[in-house]
Amino acid sequence: MPRTTAAEDKRDIERVLAGDLEAFQGIVKRWQGPLVNLAFRFCRDEGRAEEFAQDAFVRVFRSLHQWRQEAAFSTWLFALAVNVFRSHMRQASGIEVSTEDVRGVASTPSPESAAIARDTADTVRRMVSTLPPKYRDALILFYFLDQDVAQAADCLGVPAGTVKARLHRGRELLRDRLIRVLRLAPEDTP
Amino acid sequence: MNADQQLERILADDDRVEVSSGFAARVMLAVDLERSRESVRSVGIWQRGWPWATAAALALVSAMGAQALRELTVAIPGVGSELASWCSLIVPLSIVLAYLRIGGFSLR
């Protein structure tokens, strides 16, 4: 994260805590992109991603006084957002994309190989949200948010070794499913 | 390209989602609403809580005062202990009742 952003965050947080609500807009504008994108990795639905991110921002506003400045604001923000998104995903577990739905997308016949490749890629990304939460969260932070292992560990509140193990296991699960999808797709094509 | 490499590429190349133009304004509205709710909650707790807290404190002070008054009136020659008890009860009770009468509107 650029140093200027960190300084701007700190300045805006101090203003918000002093009662200036408008200063929160600066935080929202700087972090709306990363937060909506992070939410999208959880639910794979743009409309819901904005709802998730909005709730995360409201939670950030409520908890702003709890940020101790020991961790970077971004780490604290993402940790809080991941908790909000997890809880939304738990509540909406009925709407969550199942592995079977995901396979359905992959087996959609497509005459163009580029379209097939795109479908496969989309299928795999959707599969991430069907993984058990501990693997899903680690993969989302590491791949989609471009965090390194240490940052992901801070966000998830677990040791770096645990994140590595979860990434490894998560990749294994995804790879197995990817192989299955690649095998299934041509068979289902008429 | 093997499955591992393909997986790495797929995960790394994920498209970014565009945030809708009114998103920040919606968030600020939600935050403003949340702040209003919080202030209503805290005012509500304060408005409901302070009369009871004051009444409890008044009752405690009155009870202590009643005991002291009783001891004082008993020591006066010619005043019976029963009368002393009544006096010491009536004075603090009057104070508490007066308070409840005045603050009664907020005790409902």
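**Ground rules.** I number residues from 1 along each chain as its sequence is written, letter chains from A and number ligands from 1 in the order in which they are written. Since the model is predicted, I take local features only at pLDDT of at least 70 and side-chain atom pairs only at pLDDT 80 or more, while totals for chains, interfaces and linings use all residues, and side-chain values use heavy atoms, with hydrogens and water left out.

**Entry 1, helix α2 of chain A.** I looked up α2(A), residues 23–43, whose 21 residues reach 29 Å from first to last C-alpha, close to the 30 Å expected at 1.5 Å a residue; the expected span is 1.5 Å times one less than the number of residues. Helices here are DSSP runs of H or I with at least four residues, and strands are runs of E with at least two, both numbered from the N terminus. I noted a bend of about 55° at Trp31(A), with Pro34(A) following within four residues; the bend is the angle between axes fitted to the seven residues ending at a residue and the seven starting there. Of the 21 residues, 16 are buried, so α2(A) is largely enclosed by the rest of the structure. Buried means under 20% relative accessible area, exposed over 50%, and partly exposed in between, with a 1.4 Å probe and protein chains only. Just after this helix, Arg44(A) takes a positive phi of about 55°.

I then turned to α4(A), residues 73–91, where Thr75(A) is found. Thr75(A) is buried at 13% relative accessible area and, leaving aside neighbours within four places in sequence, is in contact (heavy atoms within 4.5 Å) with Gln151(A), Asp154(A) and Cys155(A).

In one of them, Glu50(A) pairs with Arg26(B), with the closest N and O atoms 2.6 Å apart. Glu50(A) lies in α3 of chain A and Arg26(B) in α2 of chain B, so the pair joins two chains. Glu50(A) is buried at 10%, whereas Arg26(B) is partly exposed at 37%. A salt bridge of 3.1 Å, N to O, is also formed by Glu34(B) and Arg62(A), and this pair likewise joins two chains, because Glu34(B) lies in α2 of chain B and Arg62(A) in α3 of chain A. Glu34(B) is buried at 5%, and Arg62(A) is partly exposed at 36%.

I counted three helices and zero strands in chain B, and 26% of its 108 residues are buried. I found a nonpolar surface patch of about 420 Å² made by Leu83(B), Trp86(B), Leu89(B) and Ile90(B); patch residues have over 30% relative accessible area and no salt bridge, with nonpolar side chains joined within 5 Å and like charges within 9 Å. Ile90(B) lies in α3 of chain B, residues 81–103, and is partly exposed at 45%.

Technical notes:
Areas by Shrake-Rupley, 256 points an atom, 1.4 Å probe, with all protein chains shown as cover. Salt bridge = Lys/Arg side-chain N within 4 Å of Asp/Glu carboxyl O.
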